[in-house]
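Please read the following briefing alongside the sequence and the coordinates.

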Protein chains: 2
Amino acid sequence: MRIAVLGVGLIGGSIGLAAKRRLGAEVIGFDPDPAARERGLERETVDRMDDSIAEAVDGAEVVFCAAPVGVLPGLVSEALVSSGEQAAVTDVGSTKGTLVGEVRGPHQERFIGGHPLAGAETAGVENARADLFEGARWYLTPTERSSGLLYDRLQRAIADLGARPQAIDAETHDRLMATVSHLPHVIANVLVQQAAAAAAEESERLPEIGPSFRDTTRVAGANPPIWGDIFATNRDAVAREVELVSERLREAAELIRSGDAERVGAWHGAAREHRRRLLEADLVGGELYQLRLSVENRPGTVAEIALALGRAGVNIEDMALYPAPDMRTGAVSLWVAGEGEAERAAEIVRGLGHNVSVTR
Amino acid sequence: MRIAVLGVGLIGGSIGLAAKRRLGAEVIGFDPDPAARERGLERETVDRMDDSIAEAVDGAEVVFCAAPVGVLPGLVSEALVSSGEQAAVTDVGSTKGTLVGEVRGPHQERFIGGHPLAGAETAGVENARADLFEGARWYLTPTERSSGLLYDRLQRAIADLGARPQAIDAETHDRLMATVSHLPHVIANVLVQQAAAAAAEESERLPEIGPSFRDTTRVAGANPPIWGDIFATNRDAVAREVELVSERLREAAELIRSGDAERVGAWHGAAREHRRRLLEADLVGGELYQLRLSVENRPGTVAEIALALGRAGVNIEDMALYPAPDMRTGAVSLWVAGEGEAERAAEIVRGLGHNVSVTR
């Protein structure tokens, strides 16, 4: 099998590595940036780099367009025109509706949009890994115009890369991603905006920024070029989600102002349950349990804990550090799946001399 | 010096430990729950437990009321009536306006509200530590009715506990806390509400919940009794902040829908800068740098990294794990203060065979 990868960064490079190792495919790469071509070769993400799209896609059975969302329409069109009549062309962009709408014309039956849910936290071919897609959801957005034969080949190739392909229509994809991925970014942005405004208004300094603010705003202003493209190409779905949250917040403000303790309590408790259910849908090991402990924040403490759990084979699903203002002490929260596993983890941590509480 | 601690949980217990060790004070405790009294004694947080408030405060120079916000008005009143004319009475509640407004009457000059910014992430006397307040901001809310002499004694005692006392009026305190602490909780609640609604609407399953959703909603539904009290006693300030965010989100939705890439980019970039500035105000070691790396999520990898950094004396200010769907691989972000320190950390991590990128 011959695979072409157009754009050799984190995602393209990882596709190349996985296709070589897992599919035994011949992988031809192309990147408009000569330095990226060189790095991609050094990392052995492809068997060969070509200097043009036409050369790279020649004879390829599957062409992956792994470029920023903003340039995908042009890149996909060029890949379709340059590749053979048996080539499936796909992409890995985070939004799908705009692209799928723009790819029209004689070759449109050979294009099927795609989006692997992997690698969002790093970038660059130097972080590429053959197992990046292992177990990851990989959305595909075929339309009524798509070739069934090529769709079948594409979804097999993606399954062979280790991912879990799932067909979805482009509009639903964009709405779902707006809710669970794009919306939190908008909210984080607005929250820091608000805090900055408060800091400017108050002659007093703001109090130390607490862990809730850190967590809630961690993604504020993340990766501007990528997010600019996402906001641009999914603007209707994102705007609609943001408006819904705006409306829900107005209602929450009213509820809180009412002082109705029972209704406030029910609303707050429901949020706890909702989050648990949403996150647990992802997990195989059972419900998430939280271990909370206070530690000396001296270098090495967290390591000691993680190492002891690691030796015992306990997997940490999630982790948060809350340094105290002096940065010498702090609290640590660890999330472990399954009650038995959580209790075992708590025992291990206690054995290191820490006090630990376990909550669901 | 004699100190009384009414309510011996995480905060009360830590005050007791710190007062014994750092002030050399005699500490008398009281808790309405006999089991809590026993645990407090076992942990040696106090020298003696008394069975009534009147006994506990007898002869005390400073009385700390460390009970849930909802019961503080009654507790503070009883402490004022029972204690001597030379006793300063304070509390540790997260909201101040309601309490300060309710404590009126003949002894009001002896009450000064307080709020240490510490210990929010754990609970229970078993997590009490003598150094919990080391370097922590401790707000005090004297009024024009407060005794200057007792305020001075109280703020000295708090400084001697290791904290940094700061006077602030109760209303400003509540407004600041609404912005940086209470608001993120409301937003997290609303966001999971929204995602749950989307999951219910879609016949499709929601896609895997991404790291941005995890971070932004981590505090959703946190500790219901405490947050019920906070929403109840700071409802006007919280509702006002929530309404402001609601309005900002409406504006953000409009901006995103406009598709004006330049303005969207400026808004997004400003969020990045705002967050950096807000968080860095807390730090002494210089600007925060982010190290991003992909790792095998096998138990022990994170430990190995943290341990190596620990050995080299690098302090990790913040950390986030982003497990991949298969839970076997994942990305790690570490935040380190200061460019030189970040580069040194990156070198160490590279030495362990990981690829790492450093960004501001």
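Glu44(B) is partly exposed, with 13 other C-beta atoms within 10 Å; a residue counts as buried if 20 or more other C-beta atoms lie within 10 Å of its own, as exposed if 12 or fewer do, and as partly exposed in between, with C-beta atoms placed from the backbone. This is a predicted model, in which local features need pLDDT of at least 70 and side-chain atom pairs count only at pLDDT 80 or more, while totals for chains, interfaces and linings use all residues. Residues are numbered from 1 along each chain as its sequence is written, and chains are lettered from A and ligands numbered from 1 in the order in which they are written.

**Positive phi in chain B**

- Although Glu44(B) is not a glycine, its phi is positive, at about 55°, and the residue lies in the loop between α2 (34–42) and β3 (48–49) of chain B; helices (H or I, at least four residues) and strands (E, at least two) are DSSP runs, numbered from the N terminus.
- Asn223(B), likewise not a glycine, has a positive phi of about 25° and is found in the loop between α8 (211–216) and α9 (224–233) of chain B.
- Asn223(B) is partly exposed, having 17 other C-beta atoms within 10 Å.

**The open sheet of chain A**

- An open sheet of 5 strands runs in the order β3-β2-β1-β4-β5 in chain A, with parallel pairing, where two strands pair if DSSP finds at least two bridges between them.
- Its edge strands, β3 (48–49) and β5 (88–91) of chain A, each pair on one side only.
- Strand β2 (residues 26–30) of chain A pairs with β3(A) in the parallel sense over 2 bridges, and Ile28(A) has Arg48(A) as its bridge partner in β3(A).
- Helix α6 (residues 148–160) of chain A packs on the sheet and touches β4 (62–65) and β5 of chain A, its direction making about 55° with that of β5(A); axes are lines fitted to C-alpha atoms, for helices over the stretch in contact, and angles run from 0 to 180 degrees between N-to-C directions.

**Helix α4 of chain A**

- In helix α4 (residues 72–82) of chain A, the buried residues include Leu72(A), Leu75(A), Val76(A), Ala79(A) and Leu80(A).
- An α-helix has 3.6 residues a turn, so residues three or four places apart point the same way.
- Among the elements that cover the buried residues of α4(A) are β1 (2–6), α3 (53–57), β4, β5 and α5 (97–102) of chain A.

**Totals for chain A**

- Chain A has 13 helices and 12 strands, and buried residues make up 56% of its 360 residues.
- Of the contacts in chain A between residues at least 6 apart in sequence, 71% join residues at least 24 apart, a contact being two residues whose C-beta atoms, placed from the backbone, lie within 7 Å.
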